[in-house]
Protein chains: 2
Amino acid sequence: MTPVTLKDIARICNVHPSTVSRVLREQEPLKISKNTKDKILKTAEKLKYQPDQTARALRTKKSYTIGLIIPNISSPYFAGIAKVIDERCGETGYTLIISDSNENQEKEIRIVNDLVSRGVDGIIIAPVQESDKHIRELVEKKYPLVVIDRCFNRFKTNSVISNDEEIAYKTVAYLTKFGHRSIGFISGRPNLYPVMKRLSGYEKAIKDFGLPLRKEFVFKGTQSLESGYRSFNELLSLSDFPTAVLISGTIITLGSIKAMIDKGYKIPEDISIIGFTDIPYAQYLSTPLTTVSHKISDIGEEAFRLLFNGMVSGTITADKIVVESVMNKRKSVAEMAEKPSLTTRFNL
Amino acid sequence: MTPVTLKDIARICNVHPSTVSRVLREQEPLKISKNTKDKILKTAEKLKYQPDQTARALRTKKSYTIGLIIPNISSPYFAGIAKVIDERCGETGYTLIISDSNENQEKEIRIVNDLVSRGVDGIIIAPVQESDKHIRELVEKKYPLVVIDRCFNRFKTNSVISNDEEIAYKTVAYLTKFGHRSIGFISGRPNLYPVMKRLSGYEKAIKDFGLPLRKEFVFKGTQSLESGYRSFNELLSLSDFPTAVLISGTIITLGSIKAMIDKGYKIPEDISIIGFTDIPYAQYLSTPLTTVSHKISDIGEEAFRLLFNGMVSGTITADKIVVESVMNKRKSVAEMAEKPSLTTRFNL
DNA sequence: CTGTTAGCGCCTTCAC
DNA sequence: GTGAAGGCGCTAACAG
């Protein structure tokens, strides 16, 4: 019942373990007599020999393992990215270790250390992003690394991001076409790179289109439904709340929708909204949601490709890949009413 | 730049590596002079020593690693389970390796072998379930194992399931209270354990309530939106389609809804539906969906607990845990009209 | 073509 | 209290 080892096979075949090792690894050029080779292959099969990856990794300093660290495995966005990377790993003979940092910096650091001491060959990480010390340490150690959803300026490393600034700008432009001039912005954790970029795209557009920039129309919070709910309620309590709102984050968007429903407001009659990021359900919501969707599979694909190339070539690169997001125009944006929301407001 | 080892610390402290090992593992009772202990601790800290888990695992035959195999990481159901298990792992010092079998039996087998040869201390698996050979092999090898969402009768092992049969029965009972007597059943892969159970609960209820059991009202397919779409379209093409439908699977439910929308049918005016399983978005859909929701965190919790107990005690158990599901009564079920759907049907 | 030797980094038993 | 020796299972360099 104890696992079969090279030694076992060697003993049975009357050869040295190293010979067995050579045969089983199909090491080229294989200078082994067909006779012993067949003998070894056959008994290995019969005994269902499985090489001990731990021992192999210890010896070769290569584990054929890569680590993926994401802040929330329950998020469709990160789950989707994980899925693609997992597929590529399967195809290339790597095992993926997915860890959830749970939006928690300390846990993230623990995970990074753990993965390193487990000898993963490379790491893909979507950092929680409060500090970047541990990331920089990896870079300095020349550890194969790809960062998703973030870009550092204090040091250089591979990263894959979306064009959030640009697309946020475009959503504002889109809203102005419907006559909106009073536009809000709701987000979760404000120090998240994509959120910062969306905000700056938003602000830039507000300026360019000559709209009033109102600080009280910009809300920050955490990555939770409750936060979205709270922010949107605050927004609605403003006497002259905006006629359109950009909402950053799926779960925040859901919380915002809940706030509107609870207060009896209608989308898009009372307020138009655009959500970052798309989900399969968005089109089936009571008002099919206009969203910005990220090319999840491209992001995963590119992240894996960067990491893989680095691992096989043994060189450390610092490429920055930008994946283009797209806008899904559905029903949550409408022409602004002459006297926006007034009826509804006074009916409450 | 090369990692710090016990040897390095030993050399610096003028002690033997084994002494360093003893100190750093805080092995009790620690018969080490405070002097050398402090010296070792200090230099270990200074050099940021991280034990090589690979070497340690090879030596101790314990990797402090557990494997989780699920058929789809993008499914909120499995992602939720993974999240809970990951949390428990973090708390207990284990590292979780999540692998996605992608509903593919062969990939699942490859993953199992890979995890075993990587030396994981235990496995939690939601099997794809075409064959159970590889699962039985694990059981025979006395590998710590917990099966989620499935129950075997050919051999005994730990499993955590939901009370699908019972709850399916109850949903039919619930529908009859609204006057429905013609009830359909749509599912994905029919050989999935929960699907089988739901179907049998459905059939039992149909009999018990004296409803007509119509084979053409039962649809099978795959775990995909398209499959749900196709099945529901077929159902709608029946001249006397049912007034209520049970739908097994989130993504299948979404496909079904799409089919109804495309054909212009209204929920629940034309057809009442109940979806297995709940998702956060269900209540925000155009018709808030009546669903059966599984206690995802309980399932994960129980699975981890079973595995953990087995691993620390070194005993192999074969417990069967049933987690109770609940019904979320929302808006997708309504009183059956006198002449159900007729107007709508002829308006098309 | 195949065997021998020598570790990878760590832990554990047995000495002293 | 601490050191020495041995080995987990495997691979790599060197013999022959």
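The structure is a predicted model, and the description begins with the place where its two chains meet. The contact between the chains takes 40 residues from chain B and 40 residues from chain A. On the side of chain B that touches chain A, the elements that give two or more residues are helix H4 (53–60), helix H5 (76–92), strand E2, helix H6 (105–117) and helix H11 (250–263) of chain B. Of these, H5(B) provides the largest share, with seven residues. When the residues on this side of chain B are sorted by class, 19 are nonpolar, 13 are polar and eight are charged.

One residue of strand E2 of chain B, Ile98(B), may be followed in more detail. Ile98(B) counts as buried because 26 other C-beta atoms lie within 10 Å, where the cut-off for a buried residue is 20 or more. If its neighbours within four places in sequence are left aside, Ile98(B) is in contact with Leu68(B), Ile73(B) and Ala82(B) of chain B, and also with Ile98(A) of chain A. Ile98(B) and Ile70(B) are 28 residues apart along the chain, and yet their C-alpha atoms are separated by 7.7 Å.

In chain A, helix H6 (residues 105–117) has 13 residues and reaches 19 Å from its first C-alpha to its last, which is close to the 18 Å expected at 1.5 Å a residue. Its buried residues are Glu108(A), Ile111(A), Val112(A), Asp114(A), Leu115(A) and Val116(A). The cover over these buried residues of H6(A) includes strand E1 (65–70), strand E2 (95–100), strand E3 (122–125) and helix H7 (133–140) of chain A, together with strand E2 (95–100) of chain B. Just after H6(A), Gly119(A) takes a positive phi of about 80 degrees.

In chain B, H6(B) likewise has 13 residues and reaches 19 Å between its first and last C-alpha atoms, close to the expected 18 Å. The buried residues of H6(B) are Glu108(B), Ile111(B), Val112(B), Asp114(B), Leu115(B) and Val116(B). What covers them includes strand E1 (65–70), E2, strand E3 (122–125) and H7 of chain B, together with E2 of chain A. H6(B) is followed by Gly119(B), whose phi is positive and near 80 degrees.

Elsewhere in chain B, helix H1 (residues 6–13) packs against helix H3 (residues 34–46) at an angle of about 125 degrees, with the two axes 10 Å apart. H1(B) and H3(B) are therefore oblique to each other, and their crossing is right-handed. The contact is made by Ile9(B), Ile12(B) and Cys13(B) of H1(B) and by Thr36(B), Lys39(B), Ile40(B), Thr43(B) and Ala44(B) of H3(B). By class, this contact has five nonpolar, two polar and one charged residues.

H1(B) also packs against helix H2 (residues 17–24) of chain B, where the axes come within 8 Å and cross at roughly 110 degrees. H1(B) and H2(B) are therefore roughly perpendicular to each other, since angles of 65 to 115 degrees are counted in this way. In this contact, Leu6(B), Lys7(B), Ile9(B) and Ala10(B) in H1(B) meet Pro17(B), Val20(B) and Ser21(B) in H2(B). By class, the contact of H1(B) with H2(B) has five nonpolar, one polar and one charged residues.

A cis peptide bond, with omega about 0 degrees, joins Ile267(B) and Pro268(B), and Pro268(B) is found in the loop between H11 and strand E9 (272–276) of chain B. A cis peptide bond also joins Phe276(B) and Thr277(B), with omega about 20 degrees, and Thr277(B) lies in the loop between E9 and strand E10 (290–293) of chain B.

Positive phi values also occur in residues other than glycine. Asp149(A) has a phi near 70 degrees and lies in the loop between strand E4 (145–148) and strand E5 (158–162) of chain A; this residue is buried, because 24 other C-beta atoms lie within 10 Å. Lys142(B) has a phi near 60 degrees and has its place in the loop between helix H7 (133–140) and strand E4 (145–148) of chain B. Lys142(B) is exposed, because 12 other C-beta atoms lie within 10 Å, and a residue with 12 or fewer is counted as exposed.

How values were computed. Residues are numbered from 1 along each chain as its sequence is written. Chains are lettered from A and ligands numbered from 1 in the order in which they are written. This is a predicted model: local features need pLDDT of at least 70, side-chain atom pairs count only at pLDDT 80 or more; totals for chains, interfaces and linings use all residues. Helices (H or I, at least four residues) and strands (E, at least two) are DSSP runs, numbered from the N terminus. The expected span of a helix is 1.5 Å times one less than its number of residues. Two residues are in contact if their C-beta atoms, placed from the backbone, lie within 7 Å. Ala, Val, Leu, Ile, Met, Phe, Trp, Tyr, Cys and Pro count as nonpolar, Asp, Glu, Lys and Arg as charged, and the others, Gly among them, as polar. Axes are lines fitted to C-alpha atoms, for helices over the stretch in contact, and angles run from 0 to 180 degrees between N-to-C directions. Angles under 35 degrees count as roughly parallel, over 145 as roughly antiparallel, 65 to 115 as roughly perpendicular and the rest as oblique. A crossing is left-handed if the near helix is turned anticlockwise from the far one by less than a right angle, and right-handed if clockwise.
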